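Grab a pencil and have a go at these exercises. Try each task yourself before you read the solution under it.

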Amino acid sequence: MFVTTPPARPANDGCANSKNLTVSPNYACGIVTPGTTASSNPSSGVPVPTCSSFGSDDEVWFKFTATNAVHRISLLNISNNTAMTSVVYVGTCLVLNQVNCSISNIYNVGGLTPGVTYYIRVYTTSSSATVEATFNIC
């Protein structure tokens with residue numbers, strides 16, 4: 001038997017601590033932001049999204065300010081071929097409204113308003129609480 005210390009909780013574990021994303025000027029994903037769900041916790045009061053029957057038990061949060069009416073969200077280099085869910089919200093962390101939800105790793109989100117901040121909730125899609133993932137997002 002081994003006794004280990006779990007990794008520290010990610011700084012963006014919770015909407016209020018969302019990590020800023022740099023919006024790429026095109027779909028090339030020249031600028032990526034690393035993420036991990038290791039040691040993260042679910043947020044209370046955020047409902048199960050419409051695209052997944054699984055709630056989140058290991059979510060991290062990002063945010064970006066829209067520069068166009070359509071943006072592409074890409075989750076890349078996901079460890080262990082882990083299935084992921086990402087949900088785009090608008091509003092404040094106290095009152096979030098779902099804009100889009102996807103179990104696809106690359107998808108377009110339309111109907112955005114340039115200048116408005118959007119939040120992205122990312123988590124592993126699994127019924128097992130032990131699944132963790134590292135990934136890049138752009």
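Two residues are in contact here when they have heavy atoms within 4.5 Å of each other. Keep in mind that you're looking at a predicted model.

**Exercise 1.** Work out which residues aspartate 13 touches, not counting residues up to four places away in sequence, and whether aspartate 13 is buried or exposed.

*Solution.* 
- Step 1: Find aspartate 13 in the segment before β1.
- Step 2: Leave out the residues up to four places away in sequence, and you get Ser39, Ser40, Asn41 and Glu59.
- Step 3: Now check the side chain: that of aspartate 13 makes a polar contact with the side chain of arginine 9, at 3.2 Å.
- Step 4: Buried means under 20% relative accessible area. Aspartate 13 has 13% relative accessibility, so it counts as buried.
- Step 5: For a sense of distance, take asparagine 108, which is 95 residues from aspartate 13 in sequence and 24 Å from it in space, C-alpha to C-alpha.

**Exercise 2.** Explain why strand β8 is largely enclosed by the rest of the structure, and find which strands are joined to it.

*Solution.* 
- Step 1: Strand β8 covers residues 117–124, and seven of its eight residues are buried, so the rest of the structure largely encloses it.
- Step 2: Strand β3 (residues 60–65) runs antiparallel to β8, with six bridges joining them. Look for threonine 65 opposite threonine 117.
- Step 3: Strand β5 (residues 84–92) is antiparallel to β8 too, through seven bridges. Here methionine 84 stands opposite threonine 124.

**Exercise 3.** Which residues of the largest nonpolar core touch the most other members, and which elements give two or more residues to this core?

*Solution.* 
- Step 1: The core has 19 residues, and the ones touching the most other members are Phe62, Phe64, Ile73, Ile120, Val122, Phe135 and Ile137.
- Step 2: Two or more residues come from each of β3, β4 (71–76), β5, β7 (106–109), β8 and β9 (134–137).
- Step 3: Zoom in on isoleucine 73: beyond its neighbours within four places in sequence, its contacts include Phe64, Val88, Ile106, Ile120 and Ile137.
- Step 4: Apart from this core lies another, of nine residues, including Val46, Trp61, Tyr89 and Cys101.

Note on methods:
Residues numbered from 1 in each chain as written. Predicted model: local features only at pLDDT ≥ 70, side-chain atom pairs only at ≥ 80, totals over all residues. Heavy atoms only, no water. Buried < 20%, exposed > 50% of the residue type's maximum accessible area, 1.4 Å probe, protein only. Helix = DSSP H or I, 4+ residues; strand = E, 2+ residues; numbered from the N terminus. Pairing = 2+ DSSP bridges. Core = buried A, V, L, I, M, F, W, Y, C linked by side-chain atoms within 4.5 Å. Polar contact = N/O pair within 3.5 Å; in protein donor to acceptor, adjacent residues only side chain to side chain.
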